[in-house]
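Hi,

Here is the structure I promised to pass on. Have a look at it first, then read my notes below.

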Amino acid sequence: MSFDLKNESDVKEYLEKLGIEYRFGCYSEKKADVCHLLGDYLEGIKKDFDKAAKVYRSNCDDYGYAKSCLKYGNYSFLGKGRASDKGDPVKAYSYYEKGCELNDPDACLHSGLLLVSKSIPKDMKRDVPKAFEYLKKACSMNNANACFYLSGMHISGVLKDEFNTPKVKEELEQKEKLSPGSSASLLPEGAYVVERDMHKAFEFAYKACELRNMYACANLSQMYAKGDGTTKDEKKAEKYKQMAMEMQDEIKKQQQLTFQQGLNPT
């Protein structure tokens with residue numbers, strides 16, 4: 001049977017049949033990919049977030065479907081669909097971690113970002129080395145944001161908690177102003193969880209930019225302009241500056257289009 005998707009009654013009938021197909025594929029045929037589609041259908045078409053949450057959670061727990069683990073992690077983090085009464089980062093992390101173990105790059109990104117966060121809940125332990133590994137895994141699976149965060153971590157370095165105090169930071173900043181590059185000598189060996197390394201920062205920024213991360217392209221332009229982590233090259237600095245600006249323009253145009261689509265016709 002063909003449907004005229006310009007006809008409102010046909011669209012409603014099509015969507016109802018689609019829901020029936022997804023339910024059959026999920027509950028009768030037990031296909032994990034179809035169960036995830038059912039969750040998306042309940043979320044996007046029916047706006048039934050409670051049922052969508054149940055489907056995502058079941059599909060993650062019972063069938064090990066990585067994208068459903070990510071989705072339920074998001075629901076838990078936001079307190080959406082009765083996944084939790086309030087946002088629950090601890091519960092969210094457990095599902096992000098499972099999704100990462102099942103090789104979902106976004107789940108690895110969220111696992112890493114939660115573990116490295118300074119506003120992490122008291123019942124979660126901040127673990128920068130583990131976060132770093134999750135971010136590296138996400139980057140290896142071409143997650144642009146993960147590559148960008150890794151670049152930033154290598155640009156500034158990440159100090160161990162005992163050295164990451166306001167007093168130490170002030171001393172380092174003063175030392176750096178007087179003699180650029182000399183601040184590291186104030187710290188004992190092994191003070192950094194992630195060492196400052198502009199070569200690695202450049203490598204991660206380059207990959208993130210190739211994956212269309214605007215901020216990474218902007219950083220890459222600066223690195224080429226200054227010769228940080230790579231050979232100084234004014235032409236490449238300009239090239240990546242232009243790339244970043246073009247991406248920024250694309251985002252602005254998309255935002256304008258989205259806004260215009262949301263306006264009521266007059």
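Let's start with His154, which counts as buried because its relative accessibility is 5%, and the cut-off for buried is under 20%. Keep in mind that this is a predicted model. His154 sits in helix 8. Which residues does His154 touch, once its neighbours within four places in sequence are left aside? They are Phe132, Val194, Glu195, Arg196, Asp197, Lys200, Ala201 and Phe204.

Now stay with helix 8, which covers residues 144-156, and look at how it packs against helix 11, residues 214-226. Their axes are 10 Å apart and the angle between them is about 40°. The crossing of helix 8 and helix 11 is left-handed. On the helix 8 side, the contact is made by Phe148, Ser151 and Ile155, while helix 11 brings Tyr215, Ala216, Asn219 and Met223. If you sort the residues of this contact by type, you get 5 nonpolar, 2 polar and no charged.

Next, the aromatic rings. The structure holds 9 aromatic pairs. One of them is Phe148 with Tyr215: the ring centres are 6.1 Å apart and the planes are at 40°, so this pair is tilted. Since Phe148 lies in helix 8 and Tyr215 in helix 11, the pair ties together parts that are 67 residues apart in sequence. Are these two buried or exposed? Phe148 counts as partly exposed, because its relative accessibility is 22%. Tyr215 has a relative accessible area of 52%, so Tyr215 is exposed.

Another pair to find is Phe202 with Tyr206. Their ring centres are 6.1 Å apart and their planes are at 35°, so this pair is tilted too. Both residues belong to helix 10 (residues 198-210), and because they are 4 residues apart there, about one helical turn separates them. Phe202 counts as buried, as its relative accessibility is 12%. For Tyr206 the value is 34%, so Tyr206 counts as partly exposed.

Which residues do ring pairs link into a cluster? Phe202 and Tyr206 are joined there by Tyr224 and Tyr240.

Cheers

Definitions and conventions. Residues are numbered from 1 along each chain as its sequence is written. This is a predicted model: local features need pLDDT of at least 70, side-chain atom pairs count only at pLDDT 80 or more; totals for chains, interfaces and linings use all residues. Side-chain values use heavy atoms; hydrogens and water are left out. Axes are lines fitted to C-alpha atoms, for helices over the stretch in contact, and angles run from 0 to 180 degrees between N-to-C directions. Helices (H or I, at least four residues) and strands (E, at least two) are DSSP runs, numbered from the N terminus. A crossing is left-handed if the near helix is turned anticlockwise from the far one by less than a right angle, and right-handed if clockwise. Contact means heavy atoms within 4.5 Å. Ala, Val, Leu, Ile, Met, Phe, Trp, Tyr, Cys and Pro count as nonpolar, Asp, Glu, Lys and Arg as charged, and the others, Gly among them, as polar. Buried means under 20% relative accessible area, exposed over 50%, partly exposed in between (1.4 Å probe, protein chains only). Rings of Phe, Tyr and Trp (its six-membered ring) pair if their centres lie within 6.5 Å; planes under 30 degrees apart count as stacked, over 60 as edge-to-face and the rest as tilted.
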